[in-house]
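Hi everyone, thanks for making time this morning. I'd like to walk you through one model, going from the backbone to the ligand and then to a pocket. Please have a look at the screen while I talk.

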Amino acid sequence: MSKIRAAITGVGGYVPDYRLDNDELSQMVDTSDEWIMQRIGIKERRILKEKGKATSDLAVRAITELLEKTNTDPSAIDLLVCPTITSDMPFPATSNIITHKLGLKNAFNYDISAACSGFIYGLEIVSRMIESGAYKKAILVGADMMSSITNYADRTTCPLFGDGAGAVLIEPTEEEVGVMDRILGSDGAGAANLHIKAGGSLRPSSHETVDNLEHFVYQEGQVVFKAAVSKMSDLSVEIMERNNIGPNDLAYLVPHQANKRIIEAVGRRMGINPEQVLVNIERYGNTTSATIPLCFWDFEKKLKKGDNLILTAFGAGFTFGSVFLKWAYDPA
Ligand code: UT7
């Protein structure tokens, strides 16, 4: 019997309507469109403004589109995994809320906390579960409402983030497509450079933590920048080399979208052309666990069956990884 692989067989996405552009941000903090475009490469980000809506609602919209596009019966979904760092509430898991809202009655589900590497970590775990033969139709949905943890008075972090969700259907296949190889890692020393100070068991929420603005993203940008460039490029080069993929054999690099300069530096170090790199950061900013599936969503028409893709991400933890994926279907 040939090996069972896990293939992405459909894509759905959702970003809220509200566009927070650099001109509006420049009225909120001391910044400018010119600085943000030069140093980060983001023009606008989408913000979920509707009262009473949260991360699960972003995910529900993305999955609804995915189920429609792939003509999938919701009761056939047997696994749903949601990487997120902006869960609707501390517990239960956001995936429980998503499956309830969508009526996915047969889906075993749980969340993953791996920040910007959430989709890559999720792909590793879900693909292994599919390869085991135990699950037949899985949804991996990266969803984050970063506006809920962004301090819009801090110019060093507020231009970076946006809200969104991207969902993929993952199914078993005996063809030579799907997840072919992966390298994942973590380094907890990086926690000092990127975290939220309060709201967990170490510093439970209090008047003091709120007054001290300790419930927002804290980042030492330059440290994170350098570590992101070296990890994403080193792992991507390593996975290409060990699978005998030269720069010309690669259809696309699908990188986490945190900073356009990081993406360009990774592409240069891998020796590939800018046309081989999927980039949509200018329109959505960093949507954390949603960036990679939102790239699939935006560029689905470009992807052909058998295309060699390298996915790569780096995030808080630090967490990092690269995946070698062969795309499993042609554009509709
Ligand atoms: O997804 C994983 C998580 N995150 C990342 O991967 C992000 C990694 N880091 C970055 O993308 C970049 O480090 C930032 C975009 C966060 C910052 O860019 P930078 O080029 O590293 O700037 P910097 O922190 O070295 O700051 C340079 C100057 C500083 O002014 P002084 O001290 O030189 O006078 C900052 O205060 O730029 C200033 N600055 C700004 N100026 C205008 C910082 N933010 C802004 C701003 N507008 N928004």
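First, a word on naming: the helices I mention are DSSP runs of H or I with at least four residues, the strands are DSSP runs of E with at least two, and both are numbered from the N terminus. Also, please keep in mind that this is a predicted model.

With that naming in hand, go to the loop between strand 12 (308-315) and strand 13 (319-326), where you will find Phe-318.

Pro-92 sits in the loop that runs between strand 4 (79-83) and helix 4 (94-102). While we are on the backbone, look at Asn-71, a residue other than glycine whose phi is positive, near 55 degrees. Asn-71 belongs to the loop between helix 3 (55-69) and strand 4.

Now to the ligand. Which residues come closest to the ligand? The shell holds 22 residues, and the closest are Thr-31, Arg-39, Arg-155, Gln-222 and Asn-259. Sorted by class, that shell has 10 nonpolar, 8 polar and 4 charged residues.

Thr-31 places a polar side-chain atom 2.7 Å from a nitrogen atom of the ligand. Arg-155 works through its backbone instead: a polar backbone atom there is 2.8 Å from a ligand nitrogen. For Trp-35, an N or O atom of the side chain lies 3.4 Å from a nitrogen atom of the ligand. As for cover, the ligand taken alone exposes 950 Å², and the protein buries 73% of that.

Where does the shell come from? Helix 2 (33-39), helix 7 (221-242) and helix 8 (260-270) are the elements that give two or more residues to it. Helix 7 gives the most, with 4 residues. Domain 1 (5-176) and domain 2 (179-326) both contribute to the shell, so the ligand lies between them.

My last stop is the second largest pocket, with a volume of about 210 Å³. It is lined by 13 residues, and those closest to its centre are Lys-69, Glu-300, Tyr-329, Pro-331 and Ala-332. The lining divides into 5 nonpolar, 3 polar and 5 charged residues.

Methods:
Residues numbered from 1 in each chain as written. Predicted model: local features only at pLDDT ≥ 70, side-chain atom pairs only at ≥ 80, totals over all residues. Heavy atoms only, no water. Near = heavy atom within 4 Å. Polar contact = N/O pair within 3.5 Å; in protein donor to acceptor, adjacent residues only side chain to side chain. Areas by Shrake-Rupley, 256 points an atom, 1.4 Å probe, with all protein chains shown as cover. Nonpolar A, V, L, I, M, F, W, Y, C, P; charged D, E, K, R; others polar. Domains from an automatic or database assignment. 1 Å grid on protein atoms, 1.4 Å probe; cavity = no way out; pocket = protein on both sides within 12 Å on 5 of 7 lines; lining within 4 Å. Points joined across faces, edges and corners; volume = space filled by probe spheres on them.
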